2 protein chains.
Amino acid sequence: MKLTTLYASLRSDLSYVEKELEKIVEAKHPILQQASFELLKAGGKRIRPGLVLLSAKFGHYDIEEIKKVAVTLELIHTASLVHDDVIDDAETRRGKQTVKAKWDNKTAMYTGDYLFAKAIEYITLIEKPEAHQLLSRAIHELTIGEIEQIRYQFVWDQNLRHYLRRIKRKTALLIAISCQLGALASDAAKEIQLHLYRFGYFVGMAFQITDDILDYTGTEKEIGKPAGGDLKQGHITLPVLYALSNEEIRTAILPSFKNGKISNEDLAKVLDIVKQSGGIAYSKKISDRYLQKAYEELEYLPNIPAKKSLIQIAQYIGSRKF
Amino acid sequence: MKLTTLYASLRSDLSYVEKELEKIVEAKHPILQQASFELLKAGGKRIRPGLVLLSAKFGHYDIEEIKKVAVTLELIHTASLVHDDVIDDAETRRGKQTVKAKWDNKTAMYTGDYLFAKAIEYITLIEKPEAHQLLSRAIHELTIGEIEQIRYQFVWDQNLRHYLRRIKRKTALLIAISCQLGALASDAAKEIQLHLYRFGYFVGMAFQITDDILDYTGTEKEIGKPAGGDLKQGHITLPVLYALSNEEIRTAILPSFKNGKISNEDLAKVLDIVKQSGGIAYSKKISDRYLQKAYEELEYLPNIPAKKSLIQIAQYIGSRKF
């Protein structure tokens with residue numbers, strides 16, 4: 001199942017959102033425009049706008065209102081990727097050179113700032129203070145998540161709780177908010193908003209865990225960046241966290257890192273060790289558990305066609321290869 | 001005249017704002033907290049909170065409501081300084097080591113992101129979508145201003161218009177918004193809000209021009225960073241812009257820069273050339289013109305004590321040495 005198939009019913013509205021995104025990044029500054037534009041054109045899965053539109057179907061769906069949320073969420077997501085790439089010294093993203101690689105860290109910083117600012121401005125087109133509050137809180141958590149990601153780099157003594165809290169802030173909350181704000185913008189009932197928030201949260205957790213698995217199992221072609229990047233950067237994600245819980249494996253892995261660096265040769269070895277540790281299967285199990293919880297939230301929602309699409313998105317996340 | 005004297009009538013409210021700022025940066029992340037905290041404690045002139053409080057006096061002054069704006073504006077200002085220091089490779093700010101010098105660019109980037117996020121979240125405590133809109137637009141312009149600052153670095157062929165547009169975005173709009181939002185938060189009449197906005201805009205322009213003058217005339221002790229930093233970084237501000245309009249001086253200055261670098265020895269010479277070019281007096285004249293316009297805006301406002309304080313702030317800006 002491809003996401004484009006899932007989105008079939010939303011195609012025209014999603015491309016409307018897409019056009020709006022393009023219009024927004026038409027900044028007067030040439031580098032800025034090019035940087036933002038390339039990034040957006042490079043694609044990405046548009047998970048957030050898709051979820052916004054589907055969630056809005058549970059209320060009074062008016063694309064003019066809904067697009068404000070959809071555009072905002074994609075802008076924030078894109079902004080956070082630009083800043084993430086600075087942290088990770090990432091050279092490629094979505095199969096293309098990152099802003100920081102093509103230009104430099106400073107340009108990347110300001111491109112991110114600009115996209116954040118645009119996003120915040122765009123959400124105020126919705127004249128609902130509650131929407132602004134929910135969004136700004138999520139952004140606040142997002143920035144703490146980013147900072148914690150640095151804080152826990154190369155920290156080998158962390159536990160599952162640290163990891164889950166980090167991916168909640170870094171990924172799940174923004175996806176949760178996409179669903180909630182979609183429903184809020186269409187004036188869906190409060191209860192529906194909350195179930196959609198929870199659905200988004202669980203889906204978001206599964207999404208990030210899957211992302212972290214793919215960094216071990218995916219090929220560069222599939223994931224648009226070299227595999228093993230997380231570990232190389234010292235990001236302790238679920239697969240290696242599981243592996244580290246075995247003292248023998250731990251002793252085999254840790255000496256490969258010297259002053260926060262690992263050779264490509266050693267990296268390949270450590271990736272293999274993690275894969276053989278059962279860390280992938282364990283991560284998959286945790287991800288599936290979150291997906292299960294996501295499905296359960298949907299049971300509270302009315303049986304409209306959008307509900308089926310939400311289920312399919314959750315299924316896609318459970319099975320995606322990129 | 002010292003700012004602290006000006007603020008005498010606001011002392012208890014300003015220190016209330018100060019306490020709130022400290023509370024806000026009490027993040028759980030130790031580096032983040034230390035970075036934000038030191039930055040805030042290092043002081044700065046609190047021009048923006050001061051203007052917010054004074055502007056609010058023209059409406060129904062309720063410190064609980066007003067502080068939301070005052071805190072927000074100081075947070076945004078601080079956030080933009082942190083990111084600015086990354087761009088400028090600045091080692092000191094307000095007489096202390098910058099975040100990027102004490103830690104690194106990445107930490108500075110995220111500290112800025114975090115403070116921005118906190119600000120945006122804080123303003124939503126005011127349940128007025130208009131306030132959110134005005135603020136987000138100003139932030140948007142601010143980010144463009146930051147980008148233009150990079151774009152025009154070492155660009156010797158720029159004119160007064162480029163410079164004024166840049167300082168408008170970088171400084172004046174945020175000061176204008178401080179006044180406008182203070183008035184808006186206290187439900188002052190629309191017309192009063194607009195005059196205060198314009199007052200703030202003119203004061204902000206004068207403030208930045210004065211800042212740019214001080215970078216030529218101030219001592220390191222006075223301005224909390226080495227003099228001539230702007231020029232060294234290739235920032236073409238008003239004094240040198242004026243000097244460059246003289247072909248002879250231009251020919252004397254430009255060869256000192258080689259691949260965007262200038263030796264400290266040459267820098268001292270160029271600073272002298274600019275000072276002798278009449279560029280300082282010219283800049284002072286332009287600044288005074290803006291201050292004059294600021295005073296004129298105040299004529300439309302009722303004669304309450306806050307008005308006298310606004311006049312004094314404008315006078316302070318015209319005469320400040322740091």
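Predicted model: local features only at pLDDT ≥ 70, side-chain atom pairs only at ≥ 80, totals over all residues.
Residues are numbered from 1 along each chain as its sequence is written, chains are lettered from A and ligands numbered from 1 in the order in which they are written, and side-chain values rest on heavy atoms, with hydrogens and water left out.

Chain A and chain B bury about 3500 Å² between them, 67% of it on carbon and sulfur atoms; buried area is the accessible area (1.4 Å probe) that two parts lose on being put together, summed over both. A:Lys106, A:Tyr110 and A:Ile147 supply 19% of the area that chain A buries against chain B, more than any other three residues. The contact (heavy atoms within 4.5 Å) takes 34 residues from chain A and 34 residues from chain B. Across this interface, 13 residue pairs are in polar contact, both residues being at pLDDT 80 or more. A polar contact is a pair of N or O atoms within 3.5 Å; within protein, one must be able to donate a hydrogen and the other to accept it, and residues adjacent in sequence count only if both atoms are side-chain atoms.

On the side of chain A that touches chain B, at least two residues come from each of α3 (30-41), α5 (63-87), α7 (105-123) and α8 (129-151), helices being DSSP runs (H or I, at least four residues) numbered from the N terminus. The largest share, 13 residues, comes from α8(A).

In chain A, helix α4 (residues 47-56) is mostly covered, with 10 of its 10 residues buried; buried means under 20% relative accessible area (1.4 Å probe, protein chains only). Among them are A:Arg48, A:Pro49 and A:Ser55.

In chain B, B:Ser80 lies in helix α5 (residues 63-87) and counts as buried because its relative accessibility is 7%. The side chain of B:Ser80 reaches the backbone oxygen of B:His77 at 2.9 Å. Neighbours within four places in sequence aside, B:Ser80 is in contact with B:Phe116, B:Leu142 and B:Glu146.

Conventions. Buried < 20%, exposed > 50% of the residue type's maximum accessible area, 1.4 Å probe, protein only.
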